Amino acid sequence: MIKVWSDNLVAGNLGRHQDRGSAFVYLTEAPPERAVSMTMPVRLASWDQAIGLHPIFEMNLPEGYLRERLRLGFAKATGAFDDLDLLAIVGRSQIGRLRYTAPDGELDEEVPFLSVDEILATRRDGDLFAYMMERFARYSGIAGVQPKVMIRDEANAKAFEYTEERRSPSVRGATHIVKLWDPSEYPQLAANEYFCLMAAERAGLAVPQRRLSDDGSALVIDRFDLRADGTYMGLEDFCVLNAKGTARKYDGSYEANIFKRAAEYIPAELHRVELEKLFTLFVLNTVVRNGDAHLKNFALTYDDVNGAARIADVYDVVTTVAYLPKDVMALTLNGSTRWPDAKTLKKLGTLRAGLTPSEVDVILERVATAVSETGKDMQRHIQDAPAFAEIGTRMGEIWAAGIRESLTR
Ligand SMILES: Nc1ncnc2c1ncn2[C@@H]1O[C@H](COP(=O)(O)OP(=O)(O)OP(=O)(O)O)[C@@H](O)[C@H]1O
Ligand SMILES: [Mg+2]
């Protein structure tokens, strides 16, 4: 059994159910604002899941390297090892506003300190990376396949004012995400993402602060779900909003499972602004040829689970075609995973984001300028970082082709 916390207060209990499932029961006294998800309002009846965990509880479970590492480290103690076991390990430190503890446990999210400046200045061959994995894996309740950890930066943490209003002054959560890469698989992935995020910001989208380590081996990103007072916003990815488990993150279409779903959860008065953001992000993903824009790489954030949800700040935009030349889109658009042309983008923008044809033109123009300007920055960076030359040059060519084939035709 696991105790589920929402905004630092107990929401209910999660346990195994029948052979392979799980069941979640709210505390009888839980008020509506303690709901664990926009998809699971507070109610008396239990929320049963026939197989595995409910998507919201599965949302932040590590997927690739980190999951395997945690499994190897903890399997011995528990014999078998399933998602509920993994949740019990990484549950105290999670993206978003939910936390998980033992039934008699208290919140003790004391993530150890690590200086971001030190990470940025250390070379890959040093011990820091092994240390980060060793020390921070268990505090990394974060999804994704790429190796990464969540850390708490000293300088940053001190800046927080722990006021009376904070419900639990003992909670000291993670402030940053450190994304690493496997050189044998995706060389220079951190720099790749760094420049894609730069293009996103230039295109007018909200992107969290991020820094690339001196040797290009790590990308350190500020958590955008962390508020100035040290508390966390609610975050739900589009697997959750589509009631799909993580295994189905590549299953669906942009029009139905992203745009239409977003419009269902975002209040009507915010559609204009938020759907424009979503459309801009989609256009950017297209132009930089990000073939990994799956359901978990879009999310909504909110302050109040029953209040207004908005499109989350941008994360995980990568030129995947730099590694997989034939890569196509992660989800379908009009039944196809082929990269869309300008005509198809226009149809999407007008039909699904409620934009006028001339508003769409402005967005396409803005993204084209953002990507080509960032391409120049990328070329300049290659002068200082020869290790990035091969991937960086390839990315420049892919982006130019992306503009040509998806924005001007
Ligand atoms: N800056 C951020 N602040 C808060 N949460 C974030 C931030 N960046 C990413 N996340 C969350 O962490 C998860 C993992 O991050 P990310 O998608 O960058 O990892 P990844 O390993 O590259 O993913 P994938 O498996 O899609 O390649 C995201 O799905 C999102 O929920
Ligand atoms: Mg991702």
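**Exercise 1. Decide what the radius of gyration says about the overall form of this predicted chain.**

Step 1. The chain has 409 residues, and a compact globule with that number would have a radius of gyration near 22 Å.
Step 2. The radius of gyration of the chain in this predicted model is 21 Å.
Step 3. The value therefore agrees with that of a compact globule.
Step 4. For the extents, take the principal axes: the C-alpha trace spans about 60 × 50 × 45 Å along them.

**Exercise 2. State what fraction of the residues is buried, and how far apart in sequence the contacting residues lie.**

Step 1. A residue counts as buried if 20 or more other C-beta atoms lie within 10 Å of its own.
Step 2. By this count, 48% of the 409 residues are buried.
Step 3. For the contacts, take those between residues at least 6 apart in sequence; 70% of these join residues at least 24 apart.

**Exercise 3. Describe how helix α7 packs against helix α12.**

Step 4. The crossing of α7 past α12 is right-handed.
Step 5. On the α7 side, the contact is made by Phe-195, Met-198, Ala-199 and Arg-202. They meet residues of α12 that include Ala-370, Val-371, Glu-373 and Asp-377.
Step 6. Sorted by class, the contact of α7 with α12 has 6 nonpolar, 1 polar and 3 charged residues.

Technical notes. Residues numbered from 1 in each chain as written. Chains lettered and ligands numbered in written order. Predicted model: local features only at pLDDT ≥ 70, side-chain atom pairs only at ≥ 80, totals over all residues. Axes fitted to C-alpha atoms, helices over the stretch in contact; angles between N-to-C directions. Helix = DSSP H or I, 4+ residues; strand = E, 2+ residues; numbered from the N terminus. Left-handed = near helix turned anticlockwise from the far one by under 90°. Contact = placed C-beta atoms within 7 Å. Nonpolar A, V, L, I, M, F, W, Y, C, P; charged D, E, K, R; others polar. Rg over C-alpha atoms; globule rule 2.2 N^0.38 Å. Buried ≥ 20, exposed ≤ 12 C-beta atoms within 10 Å, placed from the backbone.
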